[in-house]
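This report covers selected features of the structure shown below.

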Amino acid sequence: MIKIYNTLSRKKEDFIPLEAGKVKMYVCGPTVYNYIHIGNARSVVAFDMIRKYLEYRGFEVNYISNFTDVDDKIIRGAKAAGLDIKDFSDGFIEAFFDDVTSLGVKKASQHPRVVDFMDSIILFVETLIEKEFAYEVNGDVYFRVRKFPDYGKLANKNISELEEGASGRLDNESFKEDPLDFALWKSVKNDEPSWDSPWGPGRPGWHIECSVMATEILGDTIDIHGGGQDLEFPHHTNEIAQSESKTGKTFANYWMHNGFVTAADGEKMSKSLGNFKTVHEMLEVANPQVLRFFLATTHYRKPLPFSDDNVRDAENNLQKIKNAYENLIFDLSNGKDADNEIQVDEFRGRFIQEMDDDFNIANGLTVFYDFIKFINSGGSSLASKKLFDEINGIIGLDFEGNSSKKTDDEYIEAKIEERQTARKNRDFALADAIRNELAEQGIILEDTPDGVRWKRG
């Protein structure tokens with residue numbers, strides 16, 4: 001039985017889908033005004049791995065992840081670029097697919113866009129007004145927060161805390177009934193893009209879009225709703241309020257949130273803080289398999305410290321896995337096929353046990369590394385390859401398709417060149433560290449008068 005940590009209840013719960021064998025899953029996607037940064041990619045990769053594990057366990061997953069393509073930043077960016085918002089967003093959506101495909105991410109079942117759901121958004125807001133959960137003022141429509149019971153429960157906030165944080169806001173927005181109320185529809189400003197509505201031309205607020213797309217595609221109640229930890233409040237909190245007010249039903253049974261990617265100083269990486277790295281830039285210099293491995297192999301709820309050293313550690317661990325896989329393939333090509341299905345099934349069971357516990361990939365990797373030692377000590381077999389491929393598929397690695405022996409050789413040659421540079425600079429500690437690092441991966445260096453030779457041990 002898979003257990004999922006539910007942000008709403010703050011405990012692990014048995015995963016029981018609405019329909020046996022099927023999962024309805026919605027994960028908030030990017031606002032497409034720039035290339036995705038490493039924090040965005042962490043969320044994409046984390047939920048991609050969760051999806052792949054659910055599929056591995058036999059579930060049919062209807063996986064929806066949206067694009068926000070109407071937003072203040074998009075409008076400003078499009079205006080500065082001399083483009084309409086669709087053409088501006090299209091460019092970054094194309095770049096998103098290029099980037100995440102390089103990271104081994106499987107396309108969602110659907111990638112809905114806000115502009116394609118305007119009629120549904122307007123109908124949704126009209127229903128909330130009819131039920132008196134929303135009201136219109138001067139072409140803007142707001143949600144009545146106090147009318148929804150337990151508002152803020154997802155983020156573990158109560159109304160009194162929120163009142164304190166919102167104190168004084170009515171000075172600037174005196175037309176709102178309450179400073180806590182949030183926008184469902186915004187009246188048009190200046191020459192920005194707009195859509196006709198019963199309240200005049202305007203565009204939707206941020207929170208309404210995901211409620212509409214999720215319920216329109218997956219139904220009033222879904223199994224899993226996911227996204228970054230920063231979305232707990234206000235975005236997901238407001239999604240719950242407006243969705244459940246409209247339908248009278250539970251919006252999502254399980255809420256999942258991934259931890260932040262943090263910079264060297266421990267601060268969250270984000271576009272607003274200006275301390276982010278875009279994946280587009282990183283992929284110009286980094287091996288996408290290394291970046292995927294780095295992003296995928298920390299438990300999704302934990303913070304992920306980003307540093308050159310941590311990426312290098314991921315690179316080294318990945319190289320060990322590659323070497324073990326190559327040795328396995330070599331053994332099989334030479335007719336070696338040990339009779340070890342029972343032992344392999346034991347490793348499979350241990351891996352599943354760890355992953356069933358809230359997708360604990362960190363513990364799952366411990367089992368994987370034990371399995372690799374087993375293979376390296378004579379456990380090469382078709383059964384071993386099958387399990388190796390299963391685990392690679394969940395982590396998102398593809399040694400046969402994307403990581404040829406040539407790539408491995410290029411990695412080794414680059415390391416040797418790095419070592420030679422260190423020796424020229426008389427940094428013998430670094431040179432020794434590189435030699436030891438390669439030795440741990442089964443690569444033996446031999447210094448000769450003609451240069452450095454290497455071989456796999």
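## Phe388 and the nonpolar cores

In this predicted model, Phe388 is in contact with Ile321, Ala324, Tyr325, Leu328, Phe368, Phe371, Ile372, Ile375 and Phe399, when residues up to four places away in sequence are not counted. A second, separate core has seven residues, among them Ile412, Ile416, Ile434 and Ile443.

The largest nonpolar core has 121 residues, and Phe388 is one of the three that touch the most other members, together with Met25 and Leu54. Helix H1 (residues 38-56) supplies the largest share of this core, with ten residues. In soluble globular proteins, nonpolar side chains tend to be buried together.

## The four-stranded sheet

Four strands form an open sheet in the order E4-E3-E9-E10, and their pairing is parallel. Strand E4 (60-65) and strand E10 (252-258) are the edge strands, each pairing on one side only. On average, neighbouring strands of the sheet are turned by 20 degrees against each other, direction ignored.

Six bridges join strand E3 (residues 22-27) to E4 in the parallel sense. Tyr26 has Ile64 of E4 as its bridge partner.

## Helices across the sheet

Helix H1 lies across E3, E4, strand E9 (222-228) and E10, and its direction is at about 130 degrees to E10. Helix H7 (residues 232-247) lies across E9 and E10, running at about 160 degrees to E9.

## Phe351 in helix H11

Phe351 is part of helix H11, which spans residues 341-356. Its relative accessibility is 1%, so Phe351 counts as buried, the cut-off for buried being under 20%.

Apart from neighbours within four places in sequence, Phe351 has contacts with Gly364, Val367, Ile391 and Ile394. Asn363 is twelve residues from Phe351 along the chain, and the C-alpha atoms of these two residues are separated by 8.0 Å.

## Lys415 in helix H15

Lys415 belongs to helix H15 (residues 405-424). Lys415 counts as buried because its relative accessibility is 6%.

With neighbours within four places in sequence left aside, the contacts of Lys415 are Arg312, Glu315, Ile434, Glu437 and Leu438. Ile434 is also one of the residues of the second, separate core.

Terms used:
Residues numbered from 1 in each chain as written. Predicted model: local features only at pLDDT ≥ 70, side-chain atom pairs only at ≥ 80, totals over all residues. Heavy atoms only, no water. Helix = DSSP H or I, 4+ residues; strand = E, 2+ residues; numbered from the N terminus. Buried < 20%, exposed > 50% of the residue type's maximum accessible area, 1.4 Å probe, protein only. Contact = heavy atoms within 4.5 Å. Core = buried A, V, L, I, M, F, W, Y, C linked by side-chain atoms within 4.5 Å. Pairing = 2+ DSSP bridges. Axes fitted to C-alpha atoms, helices over the stretch in contact; angles between N-to-C directions.
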